[in-house]
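Trainee: I would like to learn how to read the features of a model like this one. Please take me through them.

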Amino acid sequence: MDGNGRWAEQRNLPRTEGHTAGEQSLFEVLDAADALGVGWFTVFAFSTENWRRPVDEVRFLLEFNEEILLGRQQELHDRNIRIRFIGRRDRRVPRRLIRRMEEATNLTRTNTGLTFTIAFNYGGRAELVDAVQRIIDGNVRRVTEKTIKRHLYDPGMPDPDLVVRTSGEYRISNFLLWELAYSELVFSEVLWPDFRRENLYSAIKEYQDRDRRYGGVGESTGR
Ligand code: IPE
Ligand code: MG
């Protein structure tokens, strides 16, 4: 979800107004994904690098995320959505926010609809470092790809089919490094607060036109 700050700056508003405006995009796109039958929907809400932002913006983002959780968890629960988190629970994340995350996870644990994963204080490298550390702590002798997978923040999360990055930035920025090895990447010029369900549809359309070969020769060229 990128481009909130630029969206606000274009309107001579404080950057935080961009984050506030992005909430509507998030819930509209989540709703659209759910209606399409998407099973797993993950958003990058706060990265391990976002702590470098001005303290006021960091504080705003922490509180904003807490408010969103508090304000939306019941509605998501009523829609049979399962809420999960990936990321580091280090000391910088306020206790209260961690409690909110646990509440939302517990409330929706047994839901059977879409799984909505929020990457919070998440970094792809941090996830791999944490996985390796836990593998070592567990005295594992032989490491395979499955071993790594089992030690990720959410071993049950399938690799994403499609990753959409908004705001005209052509980078991965430390998102799901292990998981997106074979994901289709779609880059959109639209700033996140302007992103609407139609923009999700066009990203999915682009995805459907791709030929996924996973290193093989595929259907259109092979045989
Ligand atoms: C994304 O928008 C929101 C978060 C990272 C929390 P940005 O805040 O990165 O917006 P730009 O990139 O400065 O426009
Ligand atoms: Mg950005």
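Mentor: Start with Asn139, which has a relative accessibility of 64% and therefore counts as exposed. Buried means under 20% relative accessible area, exposed over 50%, and partly exposed in between, with a 1.4 Å probe and protein chains only. Asn139 lies in the loop between α5 (124-137) and α6 (145-150). Its phi is positive, about 55°, although Asn139 is not a glycine.

Trainee: On what basis are such values given?

Mentor: This is a predicted model: local features need pLDDT of at least 70, side-chain atom pairs count only at pLDDT 80 or more, and totals for chains, interfaces and linings use all residues. Residues are numbered from 1 along each chain as its sequence is written, chains are lettered from A and ligands numbered from 1 in the order in which they are written, and side-chain values use heavy atoms, with hydrogens and water left out.

Trainee: Is Ser167 buried or exposed?

Mentor: Ser167 counts as buried, because its relative accessibility is 6%. Ser167 is in the loop between β4 (162-165) and β5 (184-187), and its phi is also positive for a residue other than glycine, near 75°. Helices (H or I, at least four residues) and strands (E, at least two) are DSSP runs, numbered from the N terminus.

Trainee: In what order do the 3 strands of the open sheet stand?

Mentor: Pairing comes before order: two strands pair if DSSP finds at least two bridges between them. Here the order is β1-β3-β2, with parallel pairing. β1 (40-47) and β2 (82-86) are at the edges with a single partner strand each, so one side of each has no neighbour in the sheet. From one strand to the next the twist averages 20°.

Trainee: How many bridges join β1 and β3?

Mentor: β1 pairs with β3 (residues 115-122) over 7 bridges, in the parallel sense. Within this pair, Val43 is opposite Ile118 and Phe44 is opposite Ala119. β2 pairs with β3 over 5 parallel bridges, and Ala119 is the bridge partner of Ile86. As for burial, 8 of the 8 residues of β3 are buried.

Trainee: How is the packing of two helices read?

Mentor: Two packed helices are described by the angle between their axes and the distance between the axes. Axes are lines fitted to C-alpha atoms, for helices over the stretch in contact, and angles run from 0 to 180 degrees between N-to-C directions. Helix α3 (residues 55-78) packs with α4 at about 15°, their axes 10 Å apart. α3 is therefore roughly parallel to α4; angles under 35 degrees count as roughly parallel, over 145 as roughly antiparallel, 65 to 115 as roughly perpendicular and the rest as oblique.

Trainee: Which residues of α3 and α4 meet?

Mentor: Contact means heavy atoms within 4.5 Å. Among them are Leu62, Leu69 and His77 in α3, and Arg96, Met101 and Leu107 in α4.

Trainee: At what angle do α2 and α7 pack?

Mentor: Helix α2 (residues 15-36) and helix α7 (residues 197-208) pack at about 50°, with axes 8 Å apart. That angle makes α2 oblique to α7. The contact includes Val29, Ala32 and Leu36 of α2, with Leu200, Tyr201 and Ile204 of α7.
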